[in-house]
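Subject: Structure for you to look at

Hello,

Here is the structure I said I would pass on. Please open it first, then read the notes below.

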Amino acid sequence: MQIIEAGASNQHYWRSLWAKRSLLYYLSRKDLSVRYKQTFVGVAWVMIRPFLIMVVFTMIFGAIAQLDSNGLPYGFVVFAGVLPWYLFASLFAETSGSLITNGALLRKVHCPRLIFPASNLLVALVDFTVSFCLLILMMVWYRIVPSWQIIFFPVFIMMCACTAIGLGLIAATFNAKFRDFQQLIPFLLQMGMYISPVGYLNQLVPKKWEVIYSLNPLAGIINGFRWTLVPESIPVFIPGVIYSAVFSILALLVGVKVFRAAEANFADTI
Amino acid sequence: MTYAIKVENLSKRYLIRLGNPAGSLKELVEHYRRKFFYKITPKFKTLGPDPYEVIIEEFWALHDVSFEIPRGAKLGVLGRNGAGKSTLLKILSQITEPTSGRILLNGEISSLLEMGTGFHPELSGRENVFLNGAILGMGRTEILCKFDEIVAFSEIDKFIDVPYKHYSSGMQARLAFAVAAHLDPDIMILDEVLAVGDISFQKKCLKKMEAISNSGATIIFVNHGIDAIRQFCNHAIVLDHGRLILDTDDVEKAIALYLGED
């Protein structure tokens, strides 16, 4: 027998999330298949956007500003920064808007609301994998062979996803009530791309600013991401990486907590 | 006979913000800033009323509603717009929580509060059946098992791989009802499901609902058309302004009361 009363939906939360896994699967599949319907190049869009950013950044930072790339091809340096940045940016933006995007569903169907951000995660990981193939091609082209440090690669992907989801859940919760965040987020992400080491190496940041620079959790993540691919050329800034790791776990925990605390009322506030 | 649903003193309160509603962060910040300055400088009041003043008013969409539905009943919920029908169904479907009171449920509940929730226009009918099935709570294998039956019921087998957006509204309604009709829940909530579709399809829906009911399920049915309630239900409740005013086995009496209010 089941009881419905105020606060009852918090019991068996994770179990009911698991019970709805087929919904998670079909929601993600819908997002993946709908997005590029009626487009000419289709799925290639996933690669075209990061690719174009790479071309532009390589021109600006590599060819014009002639920044140091530690002997690596500049295009590769940029692409290895664009990939984690794109994972973060798209996942954060999608998660923060997920309640509004799925508003119609939310008002008519009962399910653990975390299922919507979870499907955003799956979609973002698929996108990431597709553009990662392009990075592998690039490494083959430039004959870059990874060493044993590559085993840490998934760790940085996880850190990146946790940070994005955690911050995204907080933003989504506020977004349900105050749509200001919807206006703010694209702007924040635009700035974030420049204050994160996407188009340049974080080793170029002057020593005295290194600590302040690393307060941006993406700095440690992108640094670590590049380090796992080419450890000989890219030194890892350990304090920054540790900070990013702690930040990502805290962001996820706080994000889930904030989201769950407001969850019961989403259908009324959206 | 045991009950399928027992509702005990159920109430739902909504808070309505009046005045220049604090819908945006700026307005809310401004509201609190002024509140703060009112406190520290009483003279501030002479500047006139606070344009961001927010008055919060209570609205009880449901007020102390109690009733019991026996297992296998076909309950019709009657009430005018704003009587609390939708709120009751939303609480039963666990979309929103009650403010106080509780509901005891014997069995799994499935609800169809809107035809075709989550159907995506760009996806084909086939893909939509799977998506919508998952939304309504079916697992992948369950949908696979029932897929042919669903398509046969919807009578659109020829167009099942055509994008949903190219379907006529009648076809869309048929497919949506077909998915929901194959849920086999213990308790089924249907809100205005007959609003779309032609007469023959409505008849088919009612027949299917009858079949679901005969298999032992309890059905809660909301419909603005009185005829379908009269034909289908064997139990009725009437809501008015959030309060339960009648709970009876005599459907005719409930309908008379509901119509008499107009």
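Two strands pair if DSSP finds at least two bridges between them. Helices (H or I, at least four residues) and strands (E, at least two) are DSSP runs, numbered from the N terminus. The model is predicted, so local features need pLDDT of at least 70 and side-chain atom pairs count only at pLDDT 80 or more, while totals for chains, interfaces and linings use all residues. Residues are numbered from 1 along each chain as its sequence is written, and chains are lettered from A and ligands numbered from 1 in the order in which they are written.

My notes are on β7(B), residues 218-222. Strand β6(B), residues 187-191, runs parallel to β7(B) and is joined to it by five bridges; here Asp191(B) is opposite Val222(B). Strand β3(B), residues 74-78, also pairs with β7(B) in the parallel sense, over three bridges, with Leu75(B) as the bridge partner of Ile220(B).

Is β7(B) buried or exposed? Five of its five residues are buried (20 or more other C-beta atoms, placed from the backbone, within 10 Å of the residue's own), so the strand is largely enclosed by the rest of the structure. In a regular strand the side chains alternate between the two faces of the sheet. Thr218(B), Ile220(B) and Val222(B) cover one side of β7(B), and Ile219(B) and Phe221(B) the other.

Leu75(B) touches Ile219(B), Ile220(B) and Phe221(B), among others (C-beta atoms, placed from the backbone, within 7 Å), not counting residues up to four places away in sequence.

Regards

Methods
A residue is buried if 20 or more other C-beta atoms lie within 10 Å of its own, exposed if 12 or fewer, and partly exposed in between; C-beta atoms are placed from the backbone. Two residues are in contact if their C-beta atoms, placed from the backbone, lie within 7 Å.
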